[in-house]
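Please walk me through this model in the viewer, stop by stop. Tell me what to select and what is there.

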Amino acid sequence: AAKDAGKGTVRVFDQEMERRLTARIDLEAALRRALADEERVFVFYQPIVDATTGRVTAREALVRWHDADRGWVPPNQFVPVAEESGLIGDLGRLVLTRACQDATTWADGARVAVNISAEQLGRGTLVGEVREALAASGLPAGRLELEITETAMFTRAEASTQELAELTALGVRVALDDFGTGYSSLSHLIAFHIDKIKIDGSFVRESSESPASATVVRALISMAREMGLTTVAECVETEQELERLRNDGCTEIQGYLYGRPEPRPQDAQYVQALNTLRPRI
Ligand code: C2E
Ligand code: MG
Ligand code: MG
Ligand code: MG
């Protein structure tokens with residue numbers, strides 16, 4: 001009987017693996033089509049504000065995809081698929097180009113922050129793509145910020161460092177995203193031409209309950225300040241979190257407290273219509 005159960009388990013496991021593989025292949029095919037016609041691929045923007053004045057200093061560009069069958073697919077699901085399948089090149093260019101164009105229409109002159117995947121960095125193509133997006137839109141380099149994760153920095157580290165140095169020379173700013181979740185180290189901040197660190201949302205959340213996390217956040221902020229770096233805290237949702245971060249000397253704040261990621265005004269109606277078809281994520 002034990003043997004039968006074992007076999008059954010294996011069979012169920014095989015079916016589960018096959019189901020997942022099929023789902024993954026289907027998702028990739030659907031994403032490929034979506035990127036080809038750019039039909040339901042959007043860039044949403046979330047404000048980043050000055051911690052003391054509350055003024056909007058930047059907006060982060062966050063990609064969104066609505067699939068006819070699946071509804072809104074979270075970026076945490078489809079960005080990894082894009083990275084594994086080589087579609088990230090097209091996706092990355094689309095977001096970069098659109099973000100630069102959209103930022104030129106902002107009356108407040110805020111910067112735009114664009115997420116760059118590990119797969120886009122250190123390949124010898126990023127600097128050209130950034131130059132092109134800036135030239136096509138007319139956006140000054142100083143209004144573009146690139147968000148890169150620590151993990152991305154370590155993939156092809158030498159080539160990445162070179163690219164970031166060239167981008168910095170253009171006047172583009174570089175922010176280290178999800179700081180504290182990777183192999184954080186002071187030496188990396190110096191070597192990689194970083195202007196800014198984004199303290200990961202998990203620390204902001206934990207800080208409310210754990211004094212140890214609150215200490216980590218305070219130490220990160222003061223370390224960054226001594227190095228001449230700007231700090232942004234992600235996922236700030238409450239007044240208490242804002243107050244603590246402000247007291248700690250955090251420079252900028254991002255989170256639902258100030259605003260959620262929203263579509264461009266010209267996409268709002270279409271997005272609204274899609275929401276009624278399939279619920280918003
Ligand atoms: P990220 O770059 O760390 O982006 C911040 C995430 O936190 C976003 O999730 C944002 O919607 C969410 N967020 C902001 N404020 C709050 C808050 O107060 N509370 C909570 N709970 N969440 C908040 P989103 O848009 O789902 O994106 C997830 C991740 O997907 C991003 O993390 C980024 O790594 C990736 N991603 C998104 N857009 C792009 C893109 O255009 N290119 C690349 N390569 N990656 C992207
Ligand atoms: Mg980001
Ligand atoms: Mg982040
Ligand atoms: Mg994050």
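**Stop 1**

Select Phe-42 and Trp-72: both are buried, where buried means under 20% relative accessible area, exposed over 50%, and partly exposed in between (1.4 Å probe, protein chains only). This is a predicted model, in which local features need pLDDT of at least 70 and side-chain atom pairs count only at pLDDT 80 or more, while totals for chains, interfaces and linings use all residues. Residues are numbered from 1 along each chain as its sequence is written, chains are lettered from A and ligands numbered from 1 in the order in which they are written, and side-chain values use heavy atoms, with hydrogens and water left out.

Rings of Phe, Tyr and Trp (its six-membered ring) pair if their centres lie within 6.5 Å; planes under 30 degrees apart count as stacked, over 60 as edge-to-face and the rest as tilted. By this rule there are six aromatic pairs. Phe-42 and Trp-72 make a tilted one, 5.7 Å centre to centre with 50° between the planes. Phe-42 is in strand E1 (residues 41–50) and Trp-72 in strand E3 (residues 71–73), so this pair links distant parts of the chain, 30 residues apart. Helices (H or I, at least four residues) and strands (E, at least two) are DSSP runs, numbered from the N terminus.

Phe-44 lies in strand E1 and Trp-72 in strand E3, so parts 28 residues apart in sequence are tied together. Phe-44 is buried at 4% relative accessible area. Trp-72 is buried at 8%.

**Stop 2: charges over rings**

Select Arg-59 and Trp-106. The charged end of Arg-59 sits over the ring of Trp-106, 4.6 Å from its centre. The rule asks for NZ of Lys or CZ of Arg within 6 Å of the ring centre and within 35 degrees of the ring normal. Then go to Tyr-256: Arg-260 lies over its face, at 3.8 Å from the ring centre.

**Stop 3: the pockets**

Which residues lie nearest the centre of the largest pocket? Select Glu-60, Leu-62, Pro-75, Asn-76 and Asn-115, from a lining of 48 residues. On a 1 Å grid over the protein atoms alone, a pocket is an open set of points where a 1.4 Å probe fits, with protein on both sides within 12 Å along at least five of seven lines; lining residues have an atom within 4 Å of a point. The volume of the largest pocket is about 1400 Å³, counted as the space filled by probe spheres set on grid points joined across faces, edges and corners. Its lining has 22 nonpolar, 14 polar and 12 charged residues. Ala, Val, Leu, Ile, Met, Phe, Trp, Tyr, Cys and Pro count as nonpolar, Asp, Glu, Lys and Arg as charged, and the others, Gly among them, as polar.

The second largest pocket holds about 200 Å³. Its lining includes Arg-59 and Trp-106, together with Tyr-45 and Asp-102. The classes there are four nonpolar, two polar and four charged.

**Stop 4: two magnesium ions**

Select the magnesium ion (ligand 2). Its protein donors are Glu-60 (OE), Asn-115 (OD1), Glu-147 (OE) and Asp-177 (OD), at 2.0 to 2.2 Å. Donors are N, O and S atoms within 2.8 Å of the metal (3.2 Å for Na, K and Ca); water is not among the atoms, so sites may look incomplete. Along the chain the spacing is E-x54-N-x31-E-x29-D. Asn-115 lies in strand E4 (residues 111–116) and Glu-147 in strand E5 (residues 144–149), so the pair ties together parts 32 residues apart in sequence. Asn-115 is partly exposed at 28%, whereas Glu-147 is buried at 2%.

Move to the magnesium ion (ligand 3). Asp-177 (OD), Asp-178 (OD) and Glu-234 (OE) coordinate it at 1.5 to 2.5 Å. Asp-177 bridges this ion and the magnesium ion (ligand 2), which lie 3.7 Å apart. Asp-177 is in strand E6 (residues 173–179), and Glu-234 is in the loop between strand E8 (230–233) and helix H10 (239–248), 57 residues apart. Asp-177 is buried at 6%, and Glu-234 is buried at 11%.

**Stop 5: positive phi**

Select Cys-235, in the loop between E8 and H10. Its phi is near 60°, a positive value in a residue other than glycine.
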